[in-house]
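Trainee: I have a new model on my screen and would like to learn how to read it. Could you walk me through it?

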Amino acid sequence: MQDVLDKPSVLQRALPMLRGYDWPLIFIVAVLAAIGLTAMYSSGFDHGTRFADHGRNMLLACGIMLVVSQIPPQRLMLLAVPLYTLGVALLVAVALFGITKKGAQRWVNVGIVIQPSELLKIAMPLMLAWWFQRREGALRPVDFVVALGLLAVPVGLIMKQPDLGTSLLVLAAGLSVIYFAGLPWKLVLPPVLLGLVGIVLVALYGHHICEDGMDLKVLHEYQRQRICTLLDPTRDPLGKGFHIIQGMIAIGSGGFLGKGFMAGTQTHLEFIPERTTDFIFAAYSEEFGLAGNLLLIFFFLLLVWRGLAIALSASSLFGRLMAGAVAMIFFTYAFVNMGMVSGILPVVGVPLPFVSYGGTAMVTLGLALGILMSVARAQRQLVDDRGPLL
């Protein structure tokens, strides 16, 4: 009788909350976080409190992940329409009376100054996953057209700010949901072919855009300059091309094993701009070389693989679409950041997950990981001892 009346210990109360977590995913994220802290300590040790703030942001993201992971996917689905509506409304507010900084109108004051486009990185895939869940088993081509319309509205508003990097991430998250929902190939091929034609045209005639000063109505001036810088960064080595040139020098000077921890000359002599944020991959490459890069890329690929594995084993269409979208968000973040620092993609201001400094980006990553963990936990609760997860 006494045993029944005894209160459970703190550990006994906490165990049910910890049960069902995807430990391979936690291990992968922990390794990436350790790499991020190591890179931040070196690149930001003389940059104020960047290292301490980065660690604090990681703890905040971890707390958000733990909270969100406790919410079943069915309840997360209820947030889709309100979050999407709020996000689009705030983007309209930005367009009407937003705050302009450095030539871009991306912020709005709602008591505090926020950047609403960050909300859409999660709200967009949530909304599209909700849309397709509602139409499960009876999908028609028109449903995909409506989904593309839902995606086009926020992407268009974000590009108008202009914010090419965030619009690219929102677009990638939304398109991944639409693709995983079963987008017919007849709707996939036209934009893919159009994109390939665009790449070929830029490669063949890009020098005319730059040398002849062609006025392209579809591009902002800063976007035209980014294309020109990508094609030939040496055109303006001390201006527009400085970031890419210094990034490539740092990556190349690292060699195979790198110059060693805290020994990067390009980094510590402050040749690398934004060395704790968008261009931290260059600082990391200089000190840890190709071997360190391969390790980092390997764990990012593991993260994407684990996300897709969770998506494949999800117990609902909503969970499958959200997990797949989160996996592709991480892939897009890493691919675009490494590509722009290496000089194979335009500089668009996309951070490297868990490595780049940034509180807002880290909160977004915490939300994404929480959703992924929520889907994994929901599936594990349905799996008995005979059926392990993928």
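Mentor: Gladly. Let's begin with one term: two residues are in contact when heavy atoms of theirs lie within 4.5 Å. Keep in mind that this is a predicted model. Take Phe 132: setting aside neighbours within four places in sequence, Phe 132 is in contact with Leu 139, Asp 143, Phe 144, Ala 147, Val 177, Ile 178, Ala 181, Leu 317 and Leu 321.

Trainee: Which residues have the most contacts inside the largest nonpolar core?

Mentor: A nonpolar core is built from buried residues such as Leu and Phe, joined through side-chain atoms within 4.5 Å. Here the largest one has 89 residues, and those with the most contacts inside it are Phe 132, Leu 296, Phe 300, Leu 303 and Phe 354. Helix H15, residues 317-342, gives this core its largest share, 15 residues.

Trainee: And what does the chain look like overall?

Mentor: The chain has 16 helices and three strands. Of its 390 residues, 46% are buried. Among contacts between residues at least 6 apart in sequence, 70% join residues at least 24 apart.

Trainee: Back to H15: how many of its 26 residues are buried?

Mentor: A residue counts as buried under 20% relative accessible area. In H15 that applies to 21 of the 26 residues, so the helix is mostly covered. From first C-alpha to last, H15 reaches 37 Å, close to the 38 Å expected at 1.5 Å a residue. After the helix comes Gly 343, with a positive phi near 90°.

Trainee: How do I read aromatic pairs, and why is the pair of Phe 331 and Phe 335 called stacked?

Mentor: Rings pair if their centres lie within 6.5 Å, and planes under 30 degrees apart count as stacked. The count comes to ten aromatic pairs. For Phe 331 and Phe 335, the centres are 5.7 Å apart and the planes are at 10°, so this pair is stacked. Both residues lie in H15, four residues apart, about one turn of the helix. Phe 331 is partly exposed, at 35% relative accessibility, and Phe 335 is partly exposed too, at 44%.

Trainee: Which residues form an aromatic cluster?

Mentor: Tyr 41, Phe 51, Phe 261, Tyr 284 and Phe 288 form one.

Trainee: Over which rings do the charged ends of Arg 50 and Arg 135 sit?

Mentor: For an Arg, look at where its CZ lies relative to the ring centre and the ring normal. The charged end of Arg 50 sits over the ring of Tyr 357, 4.2 Å from its centre. Arg 135 has its charged end over the ring of Trp 131, 3.3 Å from the ring's centre.

Note on methods. Residues numbered from 1 in each chain as written. Predicted model: local features only at pLDDT ≥ 70, side-chain atom pairs only at ≥ 80, totals over all residues. Heavy atoms only, no water. Helix = DSSP H or I, 4+ residues; strand = E, 2+ residues; numbered from the N terminus. Buried < 20%, exposed > 50% of the residue type's maximum accessible area, 1.4 Å probe, protein only. Phe/Tyr/Trp six-rings, centres within 6.5 Å; stacked < 30°, edge-to-face > 60°. Lys NZ or Arg CZ within 6 Å of the ring centre and 35° of its normal. Expected span 1.5 Å × (residues − 1).
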